[in-house]
Amino acid sequence: MTNNQKHWTRFELLHQTVQNPHIHITGTRSYYSDYWDEGFERSVVRYLHGDEQTRDRLPPWPVDQLYIGDCVCIGAEAVILMGGNHTHRADWFCLYPFMEHITEAYQGKGDTHIGSGAWIGMRAMIMPGVTLGEGAVVAANSVVTRSVAPYTMVGGSPAKVIKTRFDQSVIDRLLALGIYEWDQDKFEALKPLLCSNDIDALEAALSAYEAE
């Protein structure tokens, strides 16, 4: 197997590959499992201006942005649907996108945010304007039409809450730590406790680290 040959064990680090100026990547750990298609920008992100074909002909309206945090895991064949084609007005008698009325027809859905530490399962679809909170999990084949709270697992079509990953008190403590805002040295030093579920030990280790 050559270095360029696709295999299910390989993945694409988003900060190394993303070119669209409307996709904003935080950190260096977020990845896409790109074995079964043409990669993150060409296959996952749909209807977002600023790609190879539309880079030089942006529309007359503000472009909805895509924000992706650090340590985001995106499963194969997932779809993040953006707002470039929102020109079908269901509140008009005819929803066909006539070009002479295209500016009035467009209705933006707002920016899409994928929080740090989130996991989007294989073939899941994230609809426009949705926010996935820190540590959220989207089950495979789900369609997410509403924002998902931090550390919450959702599934189905439309996706509904399955459960939270931890008790709310633990979630609150995790969010207060600002884990994905730590610098590299702090993150590496505390990584062993991030790979556990002992919040007391994590907080104690953080206090000790900051006291050094």
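The questions below concern a predicted model and the reasons behind some of the terms applied to it.

User: Why is Trp 36 called partly exposed?

Analyst: The relative accessibility of Trp 36 is 47%. Buried means under 20% and exposed means over 50%, so a value in between is called partly exposed. Trp 36 lies in the loop between β3 (31–32) and α2 (40–44).

User: What makes the nonpolar surface patch of about 370 Å²?

Analyst: Trp 8, Trp 36 and Met 122 make that patch. A patch residue needs over 30% relative accessible area, and Trp 36 has 47% relative accessibility.

User: How do you know that the buried residues of α4 are on the same side?

Analyst: In α4 (residues 168–177), the residues Val 170, Ile 171, Leu 174 and Leu 177 are buried. They cover an arc of only 120° around the axis, so they are on the same side of α4. As a general point, an α-helix has 3.6 residues a turn, so residues three or four places apart point the same way.

User: What covers the buried residues of α4?

Analyst: The cover includes β15 (159–164) and α6 (199–211). Just after α4 comes Gly 178, with a positive phi of about 60°.

User: Why is β15 called hardly covered?

Analyst: Buried means under 20% relative accessible area. Among the six residues of β15, the count of buried residues is zero.

User: How do you know that β14 and β15 pair?

Analyst: Pairing requires at least two bridges. Strand β14 (residues 152–156) and β15 have five bridges, in the antiparallel sense. Gly 155 stands opposite Lys 160 in β15, and a hairpin of two residues joins β14 to β15.

Note on methods
Residues are numbered from 1 along each chain as its sequence is written. This is a predicted model: local features need pLDDT of at least 70, side-chain atom pairs count only at pLDDT 80 or more; totals for chains, interfaces and linings use all residues. Side-chain values use heavy atoms; hydrogens and water are left out. Patches are made of residues with over 30% relative accessible area and no salt bridge: like charges are joined within 9 Å, nonpolar side chains (Val, Leu, Ile, Met, Phe, Trp, Tyr) within 5 Å. Accessible areas come from the Shrake-Rupley method with a 1.4 Å probe; for residues, only the protein chains shown count as cover. A salt bridge is a side-chain nitrogen of Lys or Arg within 4 Å of a carboxyl oxygen of Asp or Glu. Helices (H or I, at least four residues) and strands (E, at least two) are DSSP runs, numbered from the N terminus. Buried means under 20% relative accessible area, exposed over 50%, partly exposed in between (1.4 Å probe, protein chains only). The arc is that of the directions from the helix axis to the C-beta atoms. Contact means heavy atoms within 4.5 Å.
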